[in-house]
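Trainee: Could you show me how to read aromatic pairs and a buried strand in a model?
Mentor: Happy to, let's look together.

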Amino acid sequence: MNLEDTDNLTIFAPTEKGKAELKAGSTKLSTVALKLMVMFDGKSPISAIAKRVTGARPGEISDAVEALLRDKLVDIVRPGKTVEEDFGSFFEVPIEALPDSVSAKFREEAEKGVQSLDRSGYYIGVAQQAPAKKVPNNGTKYSILLIEDNAPFITAVKMLLKLEGYEVRVASSRDEIVAALRAPAMPDAILLDVNLPGTDGFSILARMRQHPALRTVPVIMLTAQASRGDVLRGLSGGANGYITKPFEHEALMKSLRAVLGVAD
């Protein structure tokens, strides 16, 4: 992100990384950058804050903001949103550690899933049934976010989902994931691969489950990772379903209907 993309009405806010830097009393920041970090509140435009930074030339302020953006200590907040709602710090927030102990329920679910894989040889389908039918977030069609980087697989799954009446968004990288989450209307469900460039599905799942806007969005792991440990990690991490590649089309559709509360 570059300061050239902004204007005098742009609003900045510290990311979680930036807040931690401030709390630790970092000496890596310049005097101007430190002043800006303290003043950025996610509400006031840069034009108003710049007037309060005494003894600094406009060029110094611009350089400081660029450095803060580059180091991911601040991010731009879209109008009417906090930095958390805007997903600007989605990949910067530290992931909370899962408890060492995993409930017997999850262990039993994972065991059933692995037995299913051993028996059928081609998929595991585990999906938590929603207690009630979910209303589409956009008011019309269910929107599915597919987080996947395999182009042929993306093409096939998109076609399948569209034929079933779903709207589909696709994201293959960290930047694309943030952009997809920023798009109007939250996805109704997310299909999440494990092996992704620059990150992994289990880390993304953990971030989603601790994010206030994503905590309750159904997530189905859709991956070639099929060991007992992988299934257990997905389910205990908050996934609503776990399907391994390759899979039968109906397995995916049945899992989606389950997490959306749509009766078969």
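We start with the rings and then turn to a strand.

Mentor: Keep in mind that this is a predicted model.

Trainee: How many aromatic pairs does the count come to?

Mentor: Two rings pair when their centres lie within 6.5 Å, and by this rule the count comes to 5 aromatic pairs. Take Phe87 and Phe90: the ring centres are 6.5 Å apart and the planes stand at 70 degrees, so this pair is edge-to-face.

Trainee: Are Phe87 and Phe90 buried or exposed?

Mentor: A residue is called buried when its relative accessible area is under 20%. Phe87 has 3%, so Phe87 is buried. Phe90 also counts as buried, at 3% relative accessibility.

Trainee: Which residues do ring pairs link into a cluster?

Mentor: That cluster consists of Phe87, Phe90 and Phe91.

Trainee: What about Phe153 and Phe247, how should I read that pair?

Mentor: Look at distance and angle together. Phe153 and Phe247 are 6.0 Å apart centre to centre, with 80 degrees between the planes, which makes the pair edge-to-face. Phe153 and Phe247 are both buried.

Trainee: Which residue lies over the face of Phe153?

Mentor: That is Lys245, at 4.3 Å from the ring centre.

Trainee: Now the strand. Why is β4 described as largely enclosed by the rest of the structure?

Mentor: Count the buried residues. In β4 (residues 143-147), 5 of the 5 residues are buried, so the strand is largely enclosed by the rest of the structure.

Trainee: Which residues of β4 lie on each side?

Mentor: The general idea is that side chains in a regular strand alternate between the two faces of the sheet. In β4, Ser143, Leu145 and Ile147 are on one side and Ile144 and Leu146 on the other; all are buried, and both faces are covered.

Trainee: And which strands does β4 pair with?

Mentor: Look for bridges and their direction. β4 is joined to β5 (residues 167-171) by 5 bridges, and the two run parallel. Within β5, Glu167 is the bridge partner of Ser143. The chain gets from β4 to β5 through α6, a β-α-β crossover that is right-handed. β4 also pairs with β6 (residues 189-192) in the parallel sense, over 4 bridges. There, Ile190 of β6 is the bridge partner of Leu145.

Technical notes
Residues are numbered from 1 along each chain as its sequence is written. Side-chain values use heavy atoms; hydrogens and water are left out. Rings of Phe, Tyr and Trp (its six-membered ring) pair if their centres lie within 6.5 Å; planes under 30 degrees apart count as stacked, over 60 as edge-to-face and the rest as tilted. Buried means under 20% relative accessible area, exposed over 50%, partly exposed in between (1.4 Å probe, protein chains only). A charge sits over a ring if NZ of Lys or CZ of Arg is within 6 Å of the ring centre and within 35 degrees of the ring normal. Two strands pair if DSSP finds at least two bridges between them. A crossover is right-handed if, with the strands pointing away from the viewer, the path from the first strand over the helix to the second runs clockwise.
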